[in-house]
Structures are given as structure tokens and as C-alpha cells.
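Subject: Structure handover

Hello,

Here is the structure for you to look through. Please open it beside this email and follow along.

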Amino acid sequence: MIKRIRYYIFLRDVLLMAVSAFGGAQAHFAMLIKIMVKKRGYLTEEELIELNALCQILPGPTSTQTITAIGFRIGGANLAYLTLLVWMLPAVAIMTTAAILVDSYQTKNLSLEFTRFIQPMAVGFVSYGAYIIASKVVTTRTAGGLMALSAIVTYFISKPIALPLVLIFAGTLTAFKYKKQIPEEKQKIKIKWGNFTLWALVLVTAAGLGAVTQDRFVLLFENFYRNGSLIFGGGQVLIPFLHTEFVEFKGFLTSEEFLSGFAMVQAVPGPVFSVSSFVGALSVREMGLGAQILGGFVAACGIFLPGTFLIFFVIRFWDDLKRYRVVRASLEGINAASAGMVAAAAFVLFQPIQNNVLNVSVIIGTFLMLTYTKIPPPFIILAGLLAGIFIPHI
């Protein structure tokens, strides 16, 4: 009974984040710190930072993998898959509905003026996440240098492959400091290949069935599953992949429709990868309303499952792997590089924002509220939305 109550509370926390977590993976990390660590104590800050860094090494949506991995640690695979559903469904439902409205009423020019404070607030959330990580992991000159190097490299090199390469480089560099780590009793690492095999089997089966049957929904699932297996770096990296395949190559969406969906997902809480539901629904619009709803869900399953399978594969032997001094030493570099990536993300998010006193004040105000007050993040976001509605545009 106690376990069930704890699982219920955890899923309720996940739902709270799903309907209030704006700003992408880095901003979600700040909310994970607030809710999962400080409020509930599901894991320590150090464990969350390690888990977040591990998820960044793997392809897929980082925040989704991190949240589902926490669920896996608390209650095993069943709770983890429930966590995935609870986390993704609100955003998926919103973006699928948006696609249906765009198709039915041609509302491409819907005003998102009321969300004008959300983007600078997201920068505040990301900056807070970078501050929290850096304060915990940057304890040596080496870590400080790697954080700075990571921030510079990931800011100027936008290629997805740069992210895992920077993490691997930083981890390899500090791994040479393994002699400073306290020896621990080693255990033989037992790798369970089930989830890796499942990931590969689904990939091959979907490709084969799609080629043979040419069924639109099978092909749709395969397209998104393949993209979800290749994307490093979060939702922003996903966008050019989807635009190339579904706008330029297949022509299922116009560029205007795609950009409308991209704009909308910025105002939707939860994972940015939910834009896949928008694309999936419009890709089968000629088949009717039911097909659009199914298309949105199929696309979401395709994009979210690969990263989920892969993190479940790795997390099973992660604790045993950490017993090795070389691995523990490498975490110094990996964590420092992760902090640099979050810092770089804050600068990248700030670039398209108009550089005026109001927006800078919103960024600083958000950061200060997160740092020095106990105001829950959802209320901070709600205040920003209300301000966008009631404060006249200057």
C-alpha cells in the first residue's frame, strides 16, 4: 500500500510537470531539481546530474529519458512506462488538437502574443539550471575549464554529433585522474540486452513492414522511430530533421504549417518532441479526423520509444559500472561538460529574443525568483502567461 501511494504521488508530480514545464530539456532540469530532488527527495542532486548527463550521451529527448529513468529507479519498468505516458500525453494531445484546428479552420495566423514572456522566462529557467549544476560539479580547475570549453564548442557548433563528442572528450580527459578516486569493491557487470534488442528489433521490424505493406501508419511510425534513434541534443535538433523529411522530401506539410507547429510547441508545456504529433496528424489529414488523432499518437510513440528503450538498457548496469574508478573519474568531465551545454543553451535561447529592458528584466526576475524564493515553477509560468494576456504590448 505504501509503495502504491508513493507511485501515485510520483505520477502526480510528473503530471504537474507535464502541464507546467516550459522551456525545453534544460529548463525542465530546473523543475526536476525543485520537485524531484528538493521537494520529494526521490534522488539526490548528484544522482540527478549524473542521470541527466547519461541521458545526453544517448539519442532521444533528454528530459523524457531523465524523468522515465527516475520512474524506473523508483518502481521498475511498469512505473517507468506509466511515467512516459503521463509525461507525454498532455503535450501530445495539445499538439494533435492544434494540427486538427490548423487543418480544419486554416488558423495558421493564430496569435501567440500572450506567450511573449515565456521565452525570456525560459532563458531564466535555463540559466538557473546552469547555475545549479555548476555550483555542484565545478569544484576543480579542470572542471571549470571543461565547462567553459563545452559552452564555447556547443554554442558555435550546432551539429548534433558535437554534443556526445564533447561529453566523451571531457569524460576521457578526467578519466586519467582515476587514481584520486577511492577504490571500491568491484562487481562483475551483468549486461541485460533485452531493451537494446527490443530497440533494434522494433527498428528493423517497422522498416520491413513499412516496405512490404506501404501502410501509412506503419511508415509514419518508422519515420519517427528512425529519427528518434538518431537525434542527439533535444527538441531543437529534431526540427531540421522533421522539416527535411516531411516538408521538403515527402511534402506532407507546407513550410508555413510546419513553422506554425514549431511556434505553437514553444508555448506548450512538456517535451518539445511533442511537435512530432503535430506533424504526424497533418501527414494523414486526407484520411479524416480519426486518422489524424491516430497519426498524432503513432508519431509520438515513434519519436519517444527509442530513447526510452536505450536509457532502460543502460540504467540497469549503470550503478555497477560506476564502481570502477575510471568511470567515476570520467563523471567529473561529463558533468562539467553538461553544465557548459546548459549555459550555452541559455545564450542560444536568448539570441532570437528582442534585446530590450523588459525582456532582460523578465530573465533576471525569473532567475532571482527560482534562486531566492520558494514559489513553485508552475506559478511563475502562470504569472508570465497572465502578464502576456493583461499587460498591453509595448
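Leaving aside its neighbours within four places in sequence, which residues is S150 in contact with? Keep in mind as you look that this is a predicted model.

**S150**

Start in helix α6, where S150 has its place. Its contacts, beyond the neighbours within four places in sequence, are V166, A337, G340 and M341. S150 has a relative accessible area of 1%. Buried means under 20%, so S150 counts as buried.

**Helix α14**

Next, look at α14, which runs over residues 325–350. Is it enclosed or open? Of its 26 residues, 21 are buried, so the rest of the structure largely encloses this helix.

At 1.5 Å a residue, the 26 residues of α14 should span 38 Å. The C-alpha atoms at its ends are 39 Å apart, which agrees.

**V123**

Now find V123 in helix α5, residues 118–137. V123 has a relative accessibility of 4%, so this residue counts as buried. What does V123 touch, not counting residues up to four places away in sequence? The list is A346, L349, F350, I353 and I363.

Take I363 from that list. V123 and I363 are 240 residues apart along the chain. Their C-alpha atoms are separated by 6.1 Å.

**The nonpolar patch**

Turn to the surface. I152, Y155, F156, I157, F347 and V348 form a nonpolar patch there. Together they have about 620 Å² of accessible area. Two elements give two or more residues each to this patch: α6 (141–156) and α14 (325–350). Which of the elements gives the most? That is α6, with three residues.

Look at V348, one of the patch residues. V348 sits in helix α14. Its relative accessible area is 38%. That value lies between the cut-offs of 20% and 50%, so V348 is partly exposed.

**Q214**

Last stop: the loop between α8 (194–213) and α9 (216–228), where Q214 is found. Is Q214 buried or exposed? Its relative accessibility is 52%, and exposed means over 50%, so Q214 counts as exposed. Check the backbone here too. Phi of Q214 is near 55°, a positive value in a residue other than glycine.

Best wishes

Technical notes: Residues are numbered from 1 along each chain as its sequence is written. This is a predicted model: local features need pLDDT of at least 70, side-chain atom pairs count only at pLDDT 80 or more; totals for chains, interfaces and linings use all residues. Side-chain values use heavy atoms; hydrogens and water are left out. Patches are made of residues with over 30% relative accessible area and no salt bridge: like charges are joined within 9 Å, nonpolar side chains (Val, Leu, Ile, Met, Phe, Trp, Tyr) within 5 Å. Accessible areas come from the Shrake-Rupley method with a 1.4 Å probe; for residues, only the protein chains shown count as cover. A salt bridge is a side-chain nitrogen of Lys or Arg within 4 Å of a carboxyl oxygen of Asp or Glu. Helices (H or I, at least four residues) and strands (E, at least two) are DSSP runs, numbered from the N terminus. Buried means under 20% relative accessible area, exposed over 50%, partly exposed in between (1.4 Å probe, protein chains only). Contact means heavy atoms within 4.5 Å. The expected span of a helix is 1.5 Å times one less than its number of residues.
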